[in-house]
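Hi everyone, thanks for coming.

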Amino acid sequence: NTTIRSTVNGMVLDVPVKVGNQVIESNNFNEGTTIASVADIGRMIFVGKVDESEVGKIKLNMPIEITVGAIENKKFEAVLTYIAPKGKTENGAIQFEIKATLTNRDNTFIRAGLSANASIILEKADKVQALKESLVQFDKKTLKPYVEVETGNQKFQRIDIVLGVSDGIYVQIKSGLKSSDKIKVWNQGLKTEEPKP
C-alpha cells in the first residue's frame with residue numbers, strides 16, 4: 001500500500017479511478033494518473049468571460065455581484081482579481097476570461113462547477129436625488145438635458161439639469177432640481193411627477 005497525501009486541505013470533488021485500475025506516477029515523460037480532485041471549498045472563485053466591447057470598462061478590484069442559478073434570491077459579493085491579457089475567439093466574438101474572489105458567502109454551501117452570472121458595478125450612487133429617465137428631455141441644438149417644472153396651474157418653465165449615473169430606469173440628478181418640484185410628463189399630456197429622493 002502507498003500513502004498519498006493531498007497538497008491542500010479541502011473536499012474531495014471527484015475520484016476518477018476505481019479499485020483495480022492501474023495508476024502511473026507523474027514523471028518527466030508522463031503527467032501521471034489523477035486519482036482524486038481536491039478543492040478548498042472555502043475559497044470559491046468565479047470564472048467568467050467578458051466581450052471585447054466591454055473589457056475596456058473594467059479594471060482589477062472592481063466590486064462584483066454574483067448570482068448562482070441554483071441558489072435563488074441571493075447575491076454574493078466578490079472582487080475582480082484577474083482579467084486575461086489575451087482574448088479567445090468564440091462564436092465569432094473575442095472573449096476575455098475574468099476571475100473574481102467571493103468576499104462574503106455567509107454559511108451558504110456553494111457546489112463547485114455551478115453556473116453563475118456576474119454583474120460588474122462600474123459606478124454606484126447611494127442616497128441621491130433621482131428622476132425617471134423618460135421625463136428628461138434634450139435640447140435639439142446643444143443636446144443638453146432639461147425638464148419642465150410646473151410654476152403655476154399647468155404653466156411650466158424649462159430648467160437645465162446635470163445628470164449622473166443611470167440604471168436604465170432612474171437617472172441621478174446632480175443639480176438643477178429640488179425634491180418639491182413637479183416635473184411635466186412631456187410624452188403623456190400634462191401630468192406632473194416629483195423627483196424621487
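Let me start with a question for you: is Glu54 buried, partly exposed or exposed? Glu54 counts as partly exposed, because its relative accessibility is 37% and the partly exposed class lies between under 20% for buried and over 50% for exposed. Before we go on, please remember that this is a predicted model.

Now, who is the partner of Glu54? Glu54 forms a salt bridge with Lys57, and the closest N and O atoms are 3.3 Å apart. Lys57 is partly exposed too, at 47% relative accessibility.

How many salt bridges does the structure hold? The count is 7. Let's visit some others.

One of them brings the side chains of Glu90 and Lys49 together, at 2.4 Å from N to O. This pair links distant parts of the chain: Glu90 sits in strand 6, residues 88-90, while Lys49 belongs to strand 3, residues 45-51, and the two are 41 residues apart. As for Glu90, its relative accessibility is 30%, so Glu90 counts as partly exposed.

Next, please find Arg158 and Asp139. Their side chains meet in a salt bridge at 2.9 Å, N to O. Here, too, distant parts of the chain are linked: Arg158 lies in strand 12, residues 155-160, and Asp139 in the loop between strand 10 and strand 11, with 19 residues separating the pair. Which of the two is buried, and which is partly exposed? Arg158 is partly exposed, at 39% relative accessibility, whereas Asp139 is buried, with a relative accessible area of 16%.

You'll find Gln137 in strand 10, which covers residues 137-138. Why do we call Gln137 buried? Its relative accessible area is 12%, and buried means under 20%, so Gln137 belongs in that class. So what surrounds Gln137? Leaving aside residues up to four places away in sequence, Gln137 touches Lys144, Pro145, Tyr146, Glu148 and Trp186. With Glu148 there is a polar contact as well, side chain to side chain, at 3.0 Å.

Have a look at the open sheet of 3 strands, in the order 9-14-13, with antiparallel pairing. Strand 9, residues 130-132, and strand 13, residues 162-166, stand at the edges; each has a single partner strand, so one side of each has no neighbour in the sheet. On average, neighbouring strands here are turned by 40° against each other, ignoring direction.

Strand 9 pairs with strand 14, residues 170-175, in the antiparallel sense over 3 bridges. If you click on Ala130, look across to strand 14, where Gln172 is its bridge partner.

One more detail before I stop. Strand 13 and strand 14 form a hairpin with 3 residues between the strands, and in that hairpin Gly168 takes a positive phi near 95°.

Methods
Residues numbered from 1 in each chain as written. Predicted model: local features only at pLDDT ≥ 70, side-chain atom pairs only at ≥ 80, totals over all residues. Heavy atoms only, no water. Pairing = 2+ DSSP bridges. Helix = DSSP H or I, 4+ residues; strand = E, 2+ residues; numbered from the N terminus. Axes fitted to C-alpha atoms, helices over the stretch in contact; angles between N-to-C directions. Buried < 20%, exposed > 50% of the residue type's maximum accessible area, 1.4 Å probe, protein only. Polar contact = N/O pair within 3.5 Å; in protein donor to acceptor, adjacent residues only side chain to side chain. Contact = heavy atoms within 4.5 Å. Salt bridge = Lys/Arg side-chain N within 4 Å of Asp/Glu carboxyl O.
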